[in-house]
Amino acid sequence: MTLIVDVAQLRGLRDELSSRSAQIATIRTARAVGGLKNAMPGANSGPMAVSRALLASDAVGVTSERISNTATAVEASAVIYEKTEDDNTADLSRDGRPLW
Amino acid sequence: MTVTVSQAKVWRPEELATAGAQWQANAESLELELSSARRAGDSSQHYWEFSAGDAMRSQVTSIATDAYSAVDSLTLGATALNSGAQIIRSWLDAFLGRANAAEGQLFSIADDGVVSPPPPNPLGGATPADLLMQMAALKRQANLLTVMIQADLRNLTNADSTTTDAISRAFEGIVGKFGIDQQRVDNTASLANSDGTSDGTAFRNGNVPPEMFNRVGAILTTTALTPEQLAAIERGEPVSDLPQVNYDYLRNFYNAAGKDGLIELSQTLREQELAGDADAGRRLDALANGILTVSNENIGTGTETGGFDKLPPDLQDLITHGGGSAPELSTSEFIDRNEYMKDLAFLLGESNPGYQPGTELGVELDKAASRIVEADTGIGAQSIVGQKLLEVGTRNETSTWELVTSPDRDRTLIPLLEYGWGDDGKALGGMFDWIPGEAISAGPEDISAQRAGETARGLADLLSSTNSDSLLSSIDSGNTNAVSRLFGIAGAGGESLGDVNPLLTQSIAGAMAPYVNNMAGMSESSLPTSGFGQMGPVESTRVFALLDTDPAAGTILNGEALRQASAYQNQIALDPESDLSPRRMEGVGRLRSLVEGGINMEVAGRELSAADAEQSRVNMRTAAFGMGQAGIAGACSFLPPPFGPALSTGVYMTGSAIVTDFVGPGGKLRRQISTTRRPHWPTRPPRLRRHSLPHPTRHAVGLLPDARDHA
């Protein structure tokens, strides 16, 4: 019989994505710019770096969240596949909304 | 604008390079993680076919593609910072060399780069003509230096400008993604270019121009915590990734503004909001959120954390001492402080529910609410102020735990419990609404469950205390019997806790419900709770009786006790020969005795006619039985109001329909509940004695002889 869905491997994928999400969440783009505001009085490059570090921080945070959400959906799929006799007919939805 | 001499002299362009190195490392880390995520997604095609697998892989690819733009931005930004640091350093070295040499020859340099010659040297027999020639030569040299130094300053300015443009261009790729719009770009730029101290000082001094209100308001919204950070706070986890620039601005702004500046800003924003400005409403929320952020010991930047002591000193003083009457205060000072407290309460009340005060601020807000309502000699005029303080203060569960387990417990809680709240005690009930959700311990390391148990126990001890060592309230100050005070609240026409504050009483009942076994004297080592310990029958009966003063609260607690009793009976029925059966039977007896004893004590305190008293008892037992049945059916358990009663309504009705199996014709509890498998009693069934106490404050000793023997 051809393997169509391997739930154990789905759980491994979930773990991997969760781990990547957690690692990305530790990236601190604004940490090193704290001193820039006062490092060069009258200059614009310091504040610009601070401003862009905050935007980069937004981007990193959103990326982490998106990957985490994907991991959650993978886990939800695994749960559904586990309870389904025929993977072909699995209803991959949660609260009426499709997971994918 | 060209950089000045004094500014250039203190420039440290190495900081740009440091940030550049950090961004480069950030970019590499992000790229590494994204590659791993993509590989993991791609490899799933070997074990996850179907369109769903394809959709997942497409989703991961899409996320990574977006995020690679952030990698590119960080890489380009790092290059811009590094090259900028080098160019600026080279121009800075040229400038400093020239300026230092000139100053070494006693030339003076103005901030705009204009160089003045030193006075001529009259020594060595110089004639006046020599001196004139010297002066002319020095003047020429100074003019030349002026040209060169001003050129240095322009070069520095240009290098800074080039670097600034390069940084800006580097991040153009992420604008429009990740929820970053132009407004966000502008607001972060405004934050980066602003100084919290000078902004705060302007608000403290007053007469702030409208554009400054807008700028500062926008900055405050920019410092909002992210959804992930708020979720971490909700889980009780520390947040250590607040950007330093955000934290610095908030702390410096609040401290410089002080309570006057903050109140003025909040009032202006509120007026703007009332006039229909939605942005003002968001900014007002952000102002309040920021206060809670700075106060929170669990929120920090990785190098420092918030705390009550990080708030402006005058605000700390107001929260710690304001609101109450004090002999040293004149009437005008008292009124003045009350006005401040009112303004502060309304400001904090604007904070979003996901934001929590720090532990110390939470405790102090609860205490302030207590002082305010204790001193409220009007007709509940301070209720709304106290409610708003409590709504915020009670968000922090650790604050509640600290308060309820501290020596200040009775002195703080009694005025709060006795006050006739305009919201029937809903806000104060928030102090205990978290307990049911935390009560069941996941193991010995479950600190939340331990604290929930300790908090519930502290509250139960207070509710059953008849002789406090200390003053409980300045109202009816001679009465140190908490039980009698709460059964007949002074100034409330003798009404009880449940009459005066029904929603609060229901919250307390919800908090006590997980501990009914503990209150029945059972050892906590055999229970899923922790921190509460065992409670004696006399004290437990007082708690049951007091909570019976509100019908819904009594139903919650009695229902849970009867549900537990019924569960024991079912276990006995299923396995009557078990070694545990005697202990389970004991539990049934104790739990039912608590219910009965509490009802009797409460009814006795109401001075009803015999017939009315009996009817009242029947009603209470019936309601409790219905709730117990609902709990058995799993429709509700440990849920605080309004969820418990609301969810259980359907099952409650079912339970009421078969209540005659449980409550006999005389309104007395039957000795056995009708179940599909009638329990077999291996030993004598528990005795259910009905005692009535002429006054609820009398000791209930003898009420539960069985339970007392085993406690």
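Four salt bridges are counted between chain A and chain B in this predicted model. The area buried between the two chains is about 5300 Å². Chain B has 711 residues, and 52% of them are buried.

**The interface between chain A and chain B**

- The contact draws on 55 residues of chain A and 63 residues of chain B.
- Carbon and sulfur atoms give 68% of the area buried between chain A and chain B. On the side of chain A, the residues that lose the most area to chain B are A:Arg52, A:Leu55 and A:Trp100, which together account for 11% of what that side buries.
- One of the salt bridges joins the two chains through A:Arg28 and B:Asp241, whose closest N and O atoms are 3.8 Å apart.
- Across the interface of chain A and chain B, 17 residue pairs are in polar contact.
- Three helices of chain A, namely α1 (7-25), α2 (36-39) and α3 (45-82), each supply at least two residues of the side that touches chain B. Of the elements on that side, α3(A) gives the most, with 23 residues.
- Sorted by class, the side of chain A that touches chain B holds 32 nonpolar, twelve polar and eleven charged residues.

- The secondary structure of chain B consists of 29 helices and two strands.
- Among contacts in chain B between residues at least 6 apart in sequence, 71% join residues at least 24 apart.
- The largest nonpolar core has 203 residues. The residues with the most contacts inside this core are B:Trp23, B:Leu417, B:Ile508 and B:Met512.
- Leaving aside residues up to four places away in sequence, B:Ile508 touches B:Leu417, B:Phe432, B:Leu459, B:Leu463, B:Leu497 and B:Leu547.

**Helix α15 of chain B**

- Helix α15 of chain B spans residues 397-404, and its buried residues are B:Ser399, B:Thr400, B:Trp401, B:Leu403 and B:Val404.
- The N-terminal end of α15(B) is capped by B:Asn396, which has a side-chain oxygen 2.9 Å from the backbone nitrogen of B:Thr398.

- B:Ser496 is found in the loop between α20 (482-487) and α21 (497-500) of chain B.
- With a relative accessible area of 4%, B:Ser496 is under the 20% limit and therefore counts as buried.
- Not counting residues up to four places away in sequence, B:Ser496 touches B:Leu486, B:Phe487, B:Ile489 and B:Thr549.
- B:Ser496 and B:Gly605 are separated by 109 residues in sequence, yet their C-alpha atoms are 9.8 Å apart in space.

**Salt bridges**

- Over all chains, the structure holds 30 salt bridges. Side chains of opposite charge can pair when their charged atoms come close.
- B:Arg12 and B:Glu15 meet through their side chains in a salt bridge, at 2.9 Å from N to O. B:Arg12 is partly exposed, with a relative accessible area of 35%, and B:Glu15 is also partly exposed, at 22% relative accessibility.
- B:Glu14 forms a salt bridge with B:Arg89, the closest N and O atoms being 2.6 Å apart. This pair links distant parts of the chain, since B:Glu14 belongs to helix α2 (residues 14-43) of chain B and B:Arg89 to helix α3 (residues 50-104) of chain B, 75 residues apart. Both partners are partly exposed: B:Glu14 has 39% relative accessibility, and B:Arg89 has a relative accessible area of 25%.
- B:Arg457 and B:Asp461 form a salt bridge in which the closest N and O atoms are 2.9 Å apart. Both residues lie in helix α19 of chain B, four residues apart, or about one turn of the helix. An α-helix has 3.6 residues a turn, so residues three or four places apart point the same way. B:Asp461 is partly exposed, with a relative accessible area of 29%.
- In chain A, salt bridges that share partners join A:Arg11, A:Arg14, A:Asp15, A:Glu75 and A:Glu82 into one network.

Terms used. Residues numbered from 1 in each chain as written. Chains lettered and ligands numbered in written order. Predicted model: local features only at pLDDT ≥ 70, side-chain atom pairs only at ≥ 80, totals over all residues. Heavy atoms only, no water. Contact = heavy atoms within 4.5 Å. Buried area = accessible area lost by both parts, 1.4 Å probe. Polar contact = N/O pair within 3.5 Å; in protein donor to acceptor, adjacent residues only side chain to side chain. Nonpolar A, V, L, I, M, F, W, Y, C, P; charged D, E, K, R; others polar. Core = buried A, V, L, I, M, F, W, Y, C linked by side-chain atoms within 4.5 Å. Buried < 20%, exposed > 50% of the residue type's maximum accessible area, 1.4 Å probe, protein only.
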